Amino acid sequence: MADLESIQQKIISFRNARDWAQFHDPKNLAEALSIETGELLENFLWKTTEQSRNLTAEELKNVKEELADIFIFLTYLSKEYTIDLLVEVERR
């Protein structure tokens, strides 16, 4: 299993290779995070608590994809501000 720092570096390298950093200002990244969390929520719309714990394989696949997207945008935003997310989590 890869460590957090190496995964984050791969994410940043992927972005940089495509010249996407020019679009990744804090405002746009925060908006993208909001959109991705909305997409995550769509997987639970109209479900009961029990149903949300017993997703179909397809629904679980979608949840995983949205969580990964959220992680990617968190990585971009934390990089923008030079924030170590692990340090910040431990402060909570």
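Start by selecting Thr82: in this predicted model, Thr82 counts as exposed, with a relative accessibility of 73%. You will find Thr82 in the loop between α4 (57-80) and α5. Now check its backbone: Thr82 has a positive phi of about 55°, although it is not a glycine. For context, most residues other than glycine have a negative phi.

Next, go to Trp46. The loop that holds Trp46 runs between α2 (26-42) and α3 (49-53). Its phi is positive too, at about 70°, and Trp46 is not a glycine either. Is Trp46 buried or exposed? With a relative accessibility of 77%, Trp46 is exposed, because exposed means over 50%.

Then move to helix α5, which covers residues 85-90, and pick Glu90 there. Glu90 is exposed, at 72% relative accessible area.

Which residues make up the largest nonpolar core? Select Ile11, Ile12, Leu29, Ala32, Leu33, Leu40, Val63, Ile70, Phe73, Tyr76 and Leu77, and you have its 11 residues on screen. Colour by element, and you can see that α1 (4-17), α2 and α4 each give two or more residues to this core. Of these helices, α4 provides the largest share, with 5 residues. As background for this last stop, nonpolar side chains tend to be buried together in soluble globular proteins.

Definitions and conventions
Residues numbered from 1 in each chain as written. Predicted model: local features only at pLDDT ≥ 70, side-chain atom pairs only at ≥ 80, totals over all residues. Heavy atoms only, no water. Helix = DSSP H or I, 4+ residues; strand = E, 2+ residues; numbered from the N terminus. Buried < 20%, exposed > 50% of the residue type's maximum accessible area, 1.4 Å probe, protein only. Core = buried A, V, L, I, M, F, W, Y, C linked by side-chain atoms within 4.5 Å.
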